[in-house]
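Please go through the model below by question and answer, with each term given its cut-offs where it comes up.

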Amino acid sequence: MTQPAVDGPVHHDGEPAQPVLVADPGQQPGPGGRPWRKAAAIAAAGVPVGLLWWLLAPSGLNLLTGNPDLAAGTNTATWLPRDLVLAGLCLLAGCIAGSFVAGSKHYQPGPGTVILVVLAGAAGALIAWGTGVLSAQWWGAPADTSASASVAFSLRSYAVLAIWPAAIALAIFLNSLFPGSGGKPRR
């Protein structure tokens, strides 16, 4: 004799018809806690990224090359590498932040979390830009900007600021496509 098909969950006597979920305000579903904390950490990472930009970039402190010819902003050959240093730092920060938020095989961030951390990446890029420019004003040599505003430590290509949030979005997207093994060894 065959058993009848059951549609939906089975209810046994003595059990509640619906599972009782106890909401704990201190806990957030998924690993890593509240998305606001992650977003705040991502945006706050703009401060060290901006400091690194000023320390490493040509016409900043120029620790990356150490070439004295690239130390002055009057040399137009420093303008592109200065932007590229910030672009590389934003790409690195975006990839780290994206993998930090991306989740695991069993937990993927929701659309609201993704939007929040991408906006936090944009805020982090703006904070990095402002921190680098402010560092140059505080600790850098004064620059005569009468010939061009780019002589001072600045950013010529504002599209660089889109790299950080784009890298976060791409890292989350790639993790959703290829979630990995979830910590289990492959056979």
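Q: Is Asn62 buried or exposed?
A: In this predicted model, local features need pLDDT of at least 70 and side-chain atom pairs count only at pLDDT 80 or more, while totals for chains, interfaces and linings use all residues. Residues are numbered from 1 along each chain as its sequence is written, and side-chain values use heavy atoms, with hydrogens and water left out. Buried means under 20% relative accessible area, exposed over 50% and partly exposed in between, with a 1.4 Å probe and protein chains only. Because its relative accessible area is 5%, Asn62 is buried.

Q: Where is Ser59 found, and is Ser59 buried or exposed?
A: Ser59 is found in the loop between α2 and α3, and Ser59 has a positive phi of about 70 degrees although it is not a glycine. With a relative accessible area of 12%, Ser59 is buried.

Q: Which residues does Leu56 touch, not counting residues up to four places away in sequence?
A: Leu56 lies in helix α2 and is partly exposed, with a relative accessible area of 22%. The C-alpha atoms of Leu56 and Gly66, ten residues apart along the chain, are separated by 9.0 Å. With contact taken as heavy atoms within 4.5 Å, and with residues up to four places away in sequence not counted, Leu56 touches Asn62, Leu63, Leu64 and Val85.

Q: How many helices and how many strands does the chain have?
A: Read along the sequence, the pattern of the chain is α-α-α-α-α. The secondary structure accordingly comes to five helices and zero strands.

Q: Which residues does Val49 touch, not counting residues up to four places away in sequence?
A: Val49 is one of the residues with the most contacts inside the largest nonpolar core. Leaving out residues up to four places away in sequence, Val49 touches Leu86, Leu89, Ala93, Ala128 and Trp164.

Q: What distance separates the C-alpha atoms of Ile163 and Cys90?
A: Ile163 lies in helix α5 and counts as partly exposed, at 26% relative accessibility. Not counting residues up to four places away in sequence, Ile163 touches Ala87, Cys90 and Leu91. Although Ile163 and Cys90 are 73 residues apart along the chain, their C-alpha atoms are separated by 6.1 Å.

Q: Which backbone oxygen does the side chain of Ser135 reach?
A: Ser135 lies in helix α4 and is buried, with a relative accessible area of 2%. Not counting residues up to four places away in sequence, Ser135 touches Leu51, Trp54 and Gly140. At 2.7 Å, the side chain of Ser135 reaches the backbone oxygen of Thr131.

Q: Is Leu134 buried or partly exposed?
A: Leu134 lies in helix α4, and Leu134 is one of the residues that form a nonpolar patch on the surface. At 36% relative accessibility, Leu134 counts as partly exposed.

Q: What percentage of the 187 residues in the chain is buried?
A: Among contacts in the chain between residues at least 6 apart in sequence, 74% join residues at least 24 apart. Of the 187 residues in the chain, the buried ones make up 32%.

Terms used
A nonpolar core is a set of buried Ala, Val, Leu, Ile, Met, Phe, Trp, Tyr and Cys residues joined through side-chain atoms within 4.5 Å. Helices (H or I, at least four residues) and strands (E, at least two) are DSSP runs, numbered from the N terminus. Patches are made of residues with over 30% relative accessible area and no salt bridge: like charges are joined within 9 Å, nonpolar side chains (Val, Leu, Ile, Met, Phe, Trp, Tyr) within 5 Å. Accessible areas come from the Shrake-Rupley method with a 1.4 Å probe; for residues, only the protein chains shown count as cover. A salt bridge is a side-chain nitrogen of Lys or Arg within 4 Å of a carboxyl oxygen of Asp or Glu. A polar contact is a pair of N or O atoms within 3.5 Å; within protein, one must be able to donate a hydrogen and the other to accept it, and residues adjacent in sequence count only if both atoms are side-chain atoms.
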